[in-house]
Amino acid sequence: MYDFRQTKIFQLDNVECLKEETTYKFKDESTGKKLIAKFISYYDDSDDVYLLTEFKKLALLSGEPEIATVYYLATGKTSTSTKSCYIMDFIEGQSLQNFLDNREYIIYEVLLDLTLQLASGMEKAHNFEIFHSDLHNENILINDFGYLKIIDFLWWDYNLPKTINQSKDLDDFKRIVGEFYSKCKESDKKRFEIIYNYCQSIKTFKGLKKEIELFDEISFDLSLINDKSLNVLSNLFKLTTLNQLHMAIESKNQKIPNKHISQLTEKEEKYLENIKNGIKIQYHDTRRLKIETDLKNHFSPKFFSLKQVGLLDWSLWITNTGKTFEGPYEYNFRIWFTSKFLKWKKIDELMPFVEDNNKELEELLLE
C-alpha cells in the first residue's frame with residue numbers, strides 16, 4: 001500500500017467529473033494512462049483510521065481481474081475542497097445496464113461467463129470481509145474485452161453488522177442473475193434456468209464459482225431431460241451407492257397392472273382351446289410378446305432421455321409363471337449405470353438439482 005497524500009496532489013477542477021464530488025477522470029502525465037481519482041462519499045478526512053482501513057481492503061483485491069485496480073492514496077483539490085482520495089484504473093467499456101439494454105437476447109455462454117465473473121469477484125471480496133452493499137448494474141462495468149469489473153464499494157455502510165452487508169450483497173447478486181435469465185434466448189432458457197435456480201438458493205459466495213461450473217457441465221444434457229425422467233433419475237440416485245457403478249439395479253417378478261394385460265385374440269383363444277383339449281402342438285406365446293411390447297412402450301419415455309444423454313441403459317422382459325396364454329404374467333427389468341451417472345450423483349449429493357419424491361421406482365415407471 002502506498003500513501004502519497006503528502007506528495008501527490010492533483011488539481012481536479014479542469015478534468016472530467018464523472019460523478020459530482022466523488023469521481024474524476026484524468027490522464028497520468030508520465031504514462032498517458034487514464035486514471036480515476038475517487039473520493040469516499042460522506043467521509044471526513046479527520047477519520048484517518050477509517051480511510052486507511054478501507055484502502056487496505058481495496059488493495060487486497062487489486063490485481064484481481066473482476067475488481068478495478070487501486071494504486072495509491074493521494075490528495076485531490078477542487079474549487080470547493082481538498083480531500084484524501086485513492087487513485088485507481090479507469091475502465092474503458094460500458095456499464096452492465098447498458099450492456100443488457102443494448103441486447104434483446106444474450107446467448108447462454110455470455111450470460112454464464114458474466115455470472116461466473118461476478119460470483120468470483122464477490123467471493124474474493126467477501127473472503128476479505130469486504131462488502132459492496134450497493135451492487136447494482138451501474139456499479140458493474142464490462143470492459144472492451146468483455147471482462148467484468150466491480151466498482152464503487154459503498155463504504156458508508158461499514159458500521160452495519162456483517163450479516164446485513166453480506167445478505168444485501170447476496171440479494172443483489174440474485175437479482176442480477178435474474179436479469180440475466182430474462183435475457184436468455186428461448187432455446188437457452190431451460191439450460192440457464194438450472195444456474196438461475198441454484199443461485200437463488202445460495203447463502204454464501206464461498207465456492208460459488210466452482211459450483212456454477214459444475215452445473216454448467218451438466219446443464220446441456222439436463223435441459224434435455226423431461227420431468228418424468230427427472231423423477232426416475234431422482235429415485236435412482238436414492239437407490240444407488242457409488243460402488244454400484246458397474247452393477248445393475250434389477251427388479252424381478254413384478255405384478256403387471258390389468259390395463260397392460262392384453263385381451264386374448266380370436267386366434268389365441270383357439271390355441272388355448274386346443275391346448276385344453278390335449279392337442280399337442282407347441283404354440284408361441286404371442287400374448288406375452290404383446291404385453292412386453294406394451295410395457296416397453298410405456299417404460300421407454302421414462303428412460304429414453306436418460307439413455308440418450310449417456311447416464312444408463314436398460315432392458316425389460318416378461319415372464320409367464322403359469323400356463324401359455326393364461327399366465328400369470330410378470331415383468332422384470334434391469335438398469336445399468338455409466339460413469340457419467342456416477343458424476344451426476346456426486347454433484348447431486350453436493351448440490352441437489354433434482355427434486356426428491358416419495359414414490360417407488362416401479363410406481364413411477366407404471367404411472
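The questions below take the helix pair and then a pocket.

Mentor: This is a predicted model, in which local features need pLDDT of at least 70, side-chain atom pairs count only at pLDDT 80 or more, and totals for chains, interfaces and linings use all residues. Residues are numbered from 1 along each chain as its sequence is written, and side-chain values use heavy atoms, with hydrogens and water left out.

Trainee: How are α4 and α5 oriented to each other?

Mentor: Helices here are DSSP runs of H or I with at least four residues, numbered from the N terminus. The axes, lines fitted to C-alpha atoms over the stretch in contact, with angles from 0 to 180 degrees between N-to-C directions, come within 10 Å for α4 (residues 162–182) and α5 (residues 186–201) and cross at roughly 170°. Angles over 145 degrees count as roughly antiparallel. The two helices, α4 and α5, are therefore roughly antiparallel.

Trainee: Which element gives the largest share of the lining of the largest pocket?

Mentor: A pocket is an open set of points on a 1 Å grid over the protein atoms alone, where a 1.4 Å probe fits, with protein on both sides within 12 Å along at least five of seven lines; lining residues have an atom within 4 Å of a point. The largest pocket holds about 460 Å³, and among its 16 lining residues Asn-197, Leu-230, Phe-353, Val-354 and Glu-355 are closest to its centre. Two or more lining residues come from each of α5, α6 (208–222) and α7 (227–239). The largest share, 5 residues, comes from α5.

Note on methods: Angles under 35 degrees count as roughly parallel, over 145 as roughly antiparallel, 65 to 115 as roughly perpendicular and the rest as oblique. Grid points are joined across faces, edges and corners, and a volume is the space filled by probe spheres set on the points.
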